[in-house]
Amino acid sequence: MSFRISSCHRPVATAATVAVFAGLSVGVQAQESVEDRLLALEQQLADVEPHARGDEGFSFNTYARSGLLLNGDGKSAPGGPYLTPAGSVGGAVGRLGNEPDTYLEAILNYKSVAENGTKAHYRLMLADSTTSSNDWTSDDGALNVRQAYVEFSNLAGFTGIFEDASIWAGKRFDRDNFDIHWLDSDFVFLAGTGAGLYDVTFSDSVTSNFSLYGRSFLDFPSDPDTTDGTSDTDNLILTANNYFGNVQWMINGMSAADNDERVVGGLTEAADTGVNTMLAYHGDSFFGLSDGNFKVALLHGQGLGAEVKNIGADGNLHEDAASTRVAVYGTTRLSDTWRLAPMIMAETSTDRYVEGDDYQWLTFNTRLANELGANFEMQYEASWQMMDLQTEGYEGRSDVDGDYARFTIAPTFKPQVGGFWNRPEIRVFASYSTWDDELNRYDGGDALGQEDFGGSQWTFGTQMEIWF
């Protein structure tokens with residue numbers, strides 16, 4: 001009996017024990033499986049997080065514009081922000097309803113983070129420009145690699161004042177260029193091929209950037225009495241860009257060996273050295289009067305530095321050239337539906353290309369926008385420019401003294417209105433331009449004075465603009 005009971009209960013007890021241990025085993029395996037999945041998920045999130053922050057992976061940015069600019073007869077019309085004689089020395093007049101081209105920038109970025117935390121950023125920028133309206137423009141386009149550089153930041157081995165610094169090398173636009181977009185004119189534009197060190201931090205409010213850029217003046221006709229054939233000249237630009245809170249002080253020194261052998265206006269007095277400086281203030285209100293922002297800059301240059309905007313880009317400057325420019329703009333809201341962006345830019349330069357020449361110009365420009373719906377606004381732009389250009393016959397140009405004025409109205413569609421910097425947008429426009437007849441004789445190759453473009457002029461068109 002006991003045996004039977006014993007033998008009867010033994011298998012029952014064994015089954016229960018097996019079931020218990022089996023359950024425990026399954027539970028342990030289930031727990032391990034959950035933990036494994038959690039660990040795997042955490043690893044996946046860790047792998048994805050740098051991409052989500054933008055520290056790693058590929059990205060794409062662009063700027064592009066494209067449109068038609070037509071005269072009253074339905075023909076393509078001349079245009080451009082640098083349309084006037086003063087445009088030859090940097091005097092822009094505004095871009096709304098005044099651009100006849102298709103221009104695009106395609107910017108490819110790749111970012112990575114090393115195990116020690118050092119970040120790397122590679123950028124390639126392709127650009128193309130054409131005034132043709134055709135779909136295939138390879139014959140007259142200007143496809144170009146405008147930037148190709150690598151930058152390292154958050155370097156694990158940098159300490160002290162270099163702890164937050166970054167280094168770069170290659171072909172690039174300087175990071176601290178800034179502009180007046182609706183005028184299509186930079187305050188300062190520094191670019192070329194070289195290397196630099198950004199964000200050397202001396203205190204919470206004092207930082208400096210240092211760079212060395214090279215720019216090529218390419219082949220140029222030489223004086224047969226002093227040189228044989230053609231020569232290549234490289235302009236080396238050493239830059240210190242310093243920030244003291246909202247104040248920016250930029251200093252540039254330039255040297256271009258043998259550039260003094262270049263023939264300019266029949267003379268051999270081109271500059272081979274130069275200096276350039278800019279003092280700027282970046283305001284975080286509309287001149288202290290309302291919300292918005294403003295920027296003001298005073299620029300001065302001598303020799304190769306007398307081209308005060310496109311730093312180091314002009315090899316024809318006279319050795320005694322001297323230029324001074326002031327520029328100021330601001331943006332603000334007049335109300336919930338009205339935006340205002342005025343600007344003033346003026347420059348005077350002497351001995352610029354030929355001893356005794358004198359170039360003076362002044363531009364007023366205002367962009368006004370009225371938001372009329374979620375996707376629609378009216379934009380208006382008014383420009384007035386006065387100039388007095390005494391060329392001393394440089395490149396066959398005539399002396400001119402006169403004014404140019406333009407007004408544009410542009411109904412504009414956007415995915416969402418709300419600011420001067422919201423893009424993309426599609427606009428149609430009508431522009432009226434008028435100028436003194438004297439300006440037509442400045443240069444035979446200029447648009448002013450050409451057939452059907454000799455005085456007051458209506459132009460019409462449509463354009464898209466996008467950036468992201």
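**Entry 1: salt bridges**

I searched the whole structure and got 25 salt bridges, each a side-chain nitrogen of Lys or Arg within 4 Å of a carboxyl oxygen of Asp or Glu. The model is predicted, so I note the limits: local features need pLDDT of at least 70, side-chain atom pairs count only at pLDDT 80 or more, and totals for chains, interfaces and linings use all residues. Residues are numbered from 1 along each chain as its sequence is written, and side-chain values use heavy atoms, with hydrogens and water left out.

I looked up E151 and R172. Their side chains meet in a salt bridge, 3.3 Å from N to O. E151 lies in strand β4 (residues 144-153) and R172 in strand β5 (residues 166-173), so the pair ties together parts 21 residues apart in sequence. Strands here are DSSP runs of E, at least two residues, numbered from the N terminus.

Are these two buried or exposed? E151 is buried at a relative accessible area of 13%, and R172 is buried at 4%. Buried means under 20% relative accessible area, with a 1.4 Å probe and protein chains only.

Next I checked E377. E377 forms a salt bridge with R339, the closest N and O atoms being 3.1 Å apart. E377 sits in strand β19 (residues 376-390) and R339 in strand β17 (residues 338-350), so this pair links parts 38 residues apart in sequence. Both E377 and R339 are buried.

E425 and R423 also pair through their side chains, at 3.6 Å from N to O. Both are buried.

Which residues join into a network of salt bridges? I list R333, R339, E371, E377, K414, R423, E425, R427 and E465.

**Entry 2: cavities**

I found 2 cavities of 30 Å³ or more in the whole structure. A cavity is a set of points on a 1 Å grid over the protein atoms alone where a 1.4 Å probe fits but cannot get out; lining residues have an atom within 4 Å of a point. Points are joined across faces, edges and corners, and the volume is the space filled by probe spheres set on them.

The largest cavity has a volume of about 50 Å³. Its lining includes P78, Y404, R406, Q457 and T459. Strands β20 (400-413) and β22 (457-467) each supply at least two lining residues.

The second largest cavity has a volume of about 30 Å³. R339, E377, R423 and E425 are among its lining residues.

How values were computed: 1 Å grid on protein atoms, 1.4 Å probe; cavity = no way out; pocket = protein on both sides within 12 Å on 5 of 7 lines; lining within 4 Å. Helix = DSSP H or I, 4+ residues; strand = E, 2+ residues; numbered from the N terminus. Buried < 20%, exposed > 50% of the residue type's maximum accessible area, 1.4 Å probe, protein only.
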